Amino acid sequence: MSQGATAEVGAQADRPLAGQVALVTGASRGIGAATAQALARLGAHCVLIARTQGGLEETDDAIRAAGGQSTLLPFNLVKDADKIDMVGPSLVERFGRLDILVHNAGALGALTPVAHITPRDWTEVIGTNLTASWRLIRTCDPPLRAAPAGRAIFVTTGRVQRPKAFWGAYGASKAAMEHLVQSWAQEVEHTPLRVNLFDPGVVATKLRGQAMPGEDQSTIAQPQDVAPALAALCLPTETRHGATVLYKR
């Protein structure tokens, strides 16, 4: 094999997602931002969704500094929910494809007794964790099925299996999301599309800080620790389907 051919094979191995398009929600910070950067390093063009323009620009800067590419879609998954429906067709129109979906965006709401959950918090938590999942599946299903190796990952939590006082809205929204995603996984079982859930465990994120304000976040896993494991689920070589993958530090 010539030196040029050897170099090309090496480049393909380093960038197995070259030419692919990945959609990542909650990409302005935390696990979403770290995962977008990890996917970009693997060669994917990352389309980033989050509410905060400034945060998205910071993620974009980090991606471009490392030689990657990204496109920013700043909008609120709850207040601007109708915009989700156009994401799939818009990406196909612009890029001709969508290969990867990572729904990482999440809302905690106030940790409060179930009887005290406010309609505002309920709307925010259910809208971000569950309804946005449904809308993303609706809009991304056609291009992901058409992709040679479509991959869809939804970030979940161990709170689904371990209900706890005051976590009712968050736990219920994630439990319903898991059911929805597992149903979709069964529906696409005989296609190239692989659909999985990812539980990152305890990670130093803004959501974790809201839940545990007194915790020293330097003692727990960081988003950049978790991101490679999540990004690995997006590789064409990943064969798991309908699984809940736990991050192990």
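One cut-off before we start: partly exposed covers relative accessible areas between the buried limit of under 20% and the exposed limit of over 50%. E215 is therefore partly exposed, with a relative accessible area of 27%. Keep in mind that this is a predicted model.

Select E215 and R208 together: they form a salt bridge, with the closest N and O atoms 2.8 Å apart. The whole structure holds nine salt bridges.

Now try E124 and R51, whose side chains meet in a salt bridge at 3.5 Å, N to O. This one links distant parts of the chain: E124 sits in helix α5 and R51 in the loop between β2 and α3, 73 residues apart. R51 is exposed at 53% relative accessible area, while E124 is partly exposed at 24%.

Jump to R97 and D99, another salt bridge, with the closest N and O atoms 2.8 Å apart. D99 counts as buried because its relative accessibility is 1%, whereas R97 is partly exposed at 31%.

Then move on to strand β4, residues 100-103. I100 and V102 point one way, L101 and H103 the other, and all are buried. On to the neighbors: β1 (residues 21-25) pairs with β4 in the parallel sense over three bridges, and A22 has I100 as its bridge partner. β5 (residues 151-155) also pairs with β4 in the parallel sense, over four bridges. To finish, trace the chain from β4 through helix α5 (residues 119-146) to β5: this β-α-β crossover is right-handed.

How values were computed
Residues numbered from 1 in each chain as written. Predicted model: local features only at pLDDT ≥ 70, side-chain atom pairs only at ≥ 80, totals over all residues. Heavy atoms only, no water. Buried < 20%, exposed > 50% of the residue type's maximum accessible area, 1.4 Å probe, protein only. Helix = DSSP H or I, 4+ residues; strand = E, 2+ residues; numbered from the N terminus. Pairing = 2+ DSSP bridges. Right-handed = clockwise from strand over helix to strand, strands pointing away. Salt bridge = Lys/Arg side-chain N within 4 Å of Asp/Glu carboxyl O.
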